[in-house]
Amino acid sequence: MGASNTVDITVVGAGIIGVACALQLARQGRRVVVVDPQDPGMGASYGNAGHLATEQVFPIADSSILKRLPAMLMDPMGPLRLDWKYLPRALPWFARLLLNLRPASYRRTVAGIRALNEASLGAWQRLLQSIEQAQLLRADGSLLVYERAESHAAIEALRERMQQQNVAVAVWSGDAVRQAAPQLSDSIQGALFFPGTGHFLDPFHVVGELVKAAKAQGVQFLKQRVVDGRVEADGVSLMTDQGVLTARQVLIACGAHSARLTTALTGKKVPLDTERGYHLMLPHEQDRLPFAVTSFERKFIMTPMLGGLRLAGTVEFAGLLRPPNMQRAWQLHRLSQGLFRQDLSTQGATPWMGFRPSLPDSLPIIDRVADGKVLLAFGHQHLGLTQAAVTAEMVVQLLKPEPLNPGLPAQGAYRLERF
């Protein structure tokens, strides 16, 4: 493979974004190889919340984050946590995040997230229909519920902000919530309903179906770890733990692990950190909810899947090396208590932790650099699943002199050069 340089594009990363990109690139006649040290979908794509979160157009942090920093450091079970041992390394990243909360930068971030999210549902429907798996996505909306009367003003303010960003949203009463989801508690005062959202019945199975389709298009999957790389006159060489791979182009789509290879191939140091996300899977709770439900006060999401009910939504900044704190996953069950008429069963429950790649302006990098030899598609923070299909369409468009789909987001906001 290396000697003949017959590979057009090597995709580094076999998560949902890398696999979706590999399939779409192969459909353009490219000879594609995907390389990853794990089996496809075994990273963050395995355990995400499964929510097609098109309504989440605002970044995870706002100007109140400085006031919340002491609580983030002191509360190991809080919804947004910063490990105090990781604080020295995280401070430069948080400093850049704060700079991006200035009004003009914040508006650019929201516009960039919104542009991707607005195109995400259609892109996913096209992709799943193309592999005859449309049933894996339920585009039937989601709820943000609240329990306290004093939360009503904040919910109303959020509704107004979302409407200003053209997010479709409706106000539901508590009775309307219980009519749609009868097992939810009488404590729920009301909700915002987002009709333009949806959920995946099994995110890991989605990756598997895309892998099947990619292999049918001739895509090869190699289980190797890329340790270094360099741009050559006629392409790119990747050094792996099993030898050298060469190709005319490389696509870096390995999520939270993308920074080092990006620097090696472009000379650019990318301020990439990781939002460690936890979930708790409850296999005996398949029928509790008809669609994804998020708690406004408790700050977590519950998504119905074929394998049960998935509780998710916590964010932890502790880097790639520290071991997971699975008590954060079990905390999600404690948070669920009181949201239902009868508490959820933990029989056979399984905790999980994964790494979500996050840049300080909350936008991904989707770009073509190094004279077109290096493609980039990473940094989607907690919206990787949501934005995977549209990212794959944008990566294909990077290869073409003319836009294939004028309806896709303009790519200027996602350039590497912004750092």
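Me: What makes β1 and β14 paired strands?

Reply: In this predicted model, strand β1 (residues 9-12) and strand β14 (residues 249-252) are joined by four bridges. Pairing requires at least two bridges, so the two strands count as paired. They run parallel, and Val 12 stands opposite Ile 252 in β14.

Me: How do you know that β1 also pairs with β2?

Reply: Four bridges link β1 to strand β2 (residues 32-36), again in the parallel sense. Thr 10 has Val 33 in β2 as its bridge partner.

Me: Why is the crossover from β1 to β2 called right-handed?

Reply: The chain passes from β1 through helix α1 (residues 16-26) to β2.

Me: Which way do the residues of β1 point, and are they buried or exposed?

Reply: Ile 9 and Val 11 point one way, Thr 10 and Val 12 the other, and all are buried. Each therefore has under 20% relative accessible area.

Me: What makes Asp 202 a cap of helix α8?

Reply: One of its side-chain oxygens lies 3.2 Å from the backbone nitrogen of Phe 204, at the N-terminal end of α8. The limit for a polar contact is 3.5 Å, so this pair falls within it.

Me: How does the span of α8 compare with the expected value?

Reply: Helix α8 (residues 203-216) has 14 residues and reaches 20 Å from its first C-alpha to its last, close to the 20 Å expected at 1.5 Å a residue.

Note on methods. Residues numbered from 1 in each chain as written. Predicted model: local features only at pLDDT ≥ 70, side-chain atom pairs only at ≥ 80, totals over all residues. Heavy atoms only, no water. Buried < 20%, exposed > 50% of the residue type's maximum accessible area, 1.4 Å probe, protein only. Right-handed = clockwise from strand over helix to strand, strands pointing away. Expected span 1.5 Å × (residues − 1). Polar contact = N/O pair within 3.5 Å; in protein donor to acceptor, adjacent residues only side chain to side chain.
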